[in-house]
Amino acid sequence: MSDAELVLRSTRVITPEGTRAATVTVSGGKITAVLPYDAEIPATARLEDVGDHVLLPGLVDTHVHVNDPGRTEWEGFWTATRAAAAGGITTLIDMPLNSLPPTTTVEHLRIKQDVARDKAHIDVGFWGGALPDNVKDLRPLHGAGVFGFKCFLSPSGVDEFPHLDQDQLAQSMAEIAGFDGLLIVHAEDPHHLQSAPQHGGPKYADFLASRPRDAEDTAIANLIAQARRLNARVHVLHLSSSDALPLIRAARAEGVRVTVETCPHYLTLTAEEVPDGASEYKCCPPIRESANQDLLWEALADGTIDCVVTDHSPSTADLKTDDFATAWGGIAGLQVSLPAVWTEARKRGHTLEDVVRWMSARTAELAGLTHKGAIEAGRDADFAVLAPDETFTVDPAGLQHRNRVTAYAGRTLYGVVKSTWLRGERIVADGEFTEPKGTLLSRTR
Ligand SMILES: [Zn+2]
């Protein structure tokens, strides 16, 4: 460790082997060693002693809609990555839709990368998109470094990103399986959505009835069947319906290669508490009942659900009308995702180590980011410094999101992020940001 440039010390460092008092040495942006707490510090190294604050690996959020370029009035790389940094997130992977162009060809990917390059306060990667007419673009996109491909099985909400029917799903999945890529899926069945009652208006109960659980369950059953047939790697995005858990468990038990994520809003907000007309709570699939939420937590605990990601998908305030049928569907929660999940997790008897596993280790693994997601020698020196027992009340004015509309407004949460570190550099502390130091990531696996 004689060449360490930076040394971080905490009485509570979360490592893959558990939480312990430790000294973490950093050189060239990488963690070089995790040493005993009282290890000798070389005279040339800068010591950052964070005391009893927890040192945890920077979070990896694999589901963010940045919308840049094209819908930058909704969100953009500058604001999204600052919000992420403020929330302890050091890596995000951008979804292929809501930007113009969507990330569906190599040329479009390059446009997105050019826009992101100078604005990224954290490391940024990209998902590609699978559309009915771009099967020929999937392999080139894979070669260009996207982390996998997103598709919808029902309308996406934007015209330029059409969904796949079952035949098109099979075609895209076969192509992606041909290079052992990853297909990530918005799983709601369009026929079940069509036959559900569509009343519109401000009542949350009507909105919930319009996106029933069986739409998710059926789409997931079909997805599993196709993945089994093609031996493809698939990932279920933003699981909300707990009714789908038994079939996911069964599929995994028989070796189908399916992974699953859920989101902070499904884990911390409930249908019962959504005020009528409050479309800041609208997302698809919807936030469901508290009994459903209990089962999602059980599935996280037993490993059926692999990870927790934000699905941060904001819009301008004018699109968040009081009609749930027509309001933009998407919840803004990037900056508060860690404290939101931690607050509910601690109430339910889970540890901060569990939260780190769900929001950093497993998401890094999902994306094949073997140099992220853990505090151990050889990984990037990405950290969040957290005061887990301090509370704060979410004030939208304090958010770095471009639009300060959030379902978390007014909530008192545990967990204050004191500083965030990216490859050995402190990028934010107490609300003060450095210039952007993020890099653009490409798939390495
Ligand atoms: Zn999404």
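## Helix packing

Helix H3 (residues 135–143) packs against helix H4 (residues 166–177) at an angle of about 30 degrees, and their axes lie 10 Å apart. The model is a predicted one, in which local features need pLDDT of at least 70 and side-chain atom pairs count only at pLDDT 80 or more, while totals for chains, interfaces and linings use all residues. Residues are numbered from 1 along each chain as its sequence is written.

Helices (H or I, at least four residues) and strands (E, at least two) are DSSP runs, numbered from the N terminus. Axes are lines fitted to C-alpha atoms, for helices over the stretch in contact, and angles run from 0 to 180 degrees between N-to-C directions. H3 and H4 are therefore roughly parallel to each other. Angles under 35 degrees count as roughly parallel, over 145 as roughly antiparallel, 65 to 115 as roughly perpendicular and the rest as oblique.

H3 passes H4 in a right-handed crossing. A crossing is right-handed if the near helix is turned clockwise from the far one by less than a right angle, and left-handed if anticlockwise. Val135, Leu138 and Arg139 of H3 make the contact with Gln171, Ser172, Glu175 and Ile176 of H4; two residues are in contact if their C-beta atoms, placed from the backbone, lie within 7 Å. These contact residues of H3 and H4 comprise three nonpolar, two polar and two charged. Here Ala, Val, Leu, Ile, Met, Phe, Trp, Tyr, Cys and Pro count as nonpolar, Asp, Glu, Lys and Arg as charged, and the others, Gly among them, as polar.

Another helix pair is formed by H11 (residues 337–347) and H12 (residues 352–367), whose axes come within 10 Å and cross at roughly 135 degrees. H11 and H12 are therefore oblique to each other. The crossing of H11 and H12 is right-handed. On H11 the contact involves Leu338, Val341, Trp342 and Ala345, and on H12 it involves Leu352, Asp354, Val355 and Met359. The contact of H11 with H12 has seven nonpolar residues, no polar ones and one charged.

## Strand pairing

Two strands pair if DSSP finds at least two bridges between them.

| Strands | Sense | Bridges |
|---|---|---|
| S1 (residues 6–15) and S2 (residues 18–27) | antiparallel | eight bridges |
| S2 and S3 (residues 30–36) | antiparallel | six bridges |
| S11 (residues 182–186) and S12 | parallel | four bridges |
| S12 (residues 233–236) and S13 (residues 258–262) | parallel | three bridges |

S1 and S2 form a hairpin with two residues between them, and valine 7 stands opposite threonine 25 in S2. The hairpin of S2 and S3 also has two residues between its strands, and its glycine 28 takes a positive phi near 60 degrees. Serine 27 faces lysine 30 of S3.

Valine 234 is opposite valine 258 in S13, and the bridge partner of histidine 235 in S13 is threonine 259.

## Record annotation

UniProt, in an unreviewed entry, places the feature "domain: Amidohydrolase-related" at residues 54–425; UniProt positions are given in the numbering used here, feature names are shortened, and annotations may be inferred rather than shown by experiment. Over residues 54–425 the chain is 34% helix and 17% strand, with the end C-alpha atoms 17 Å apart.
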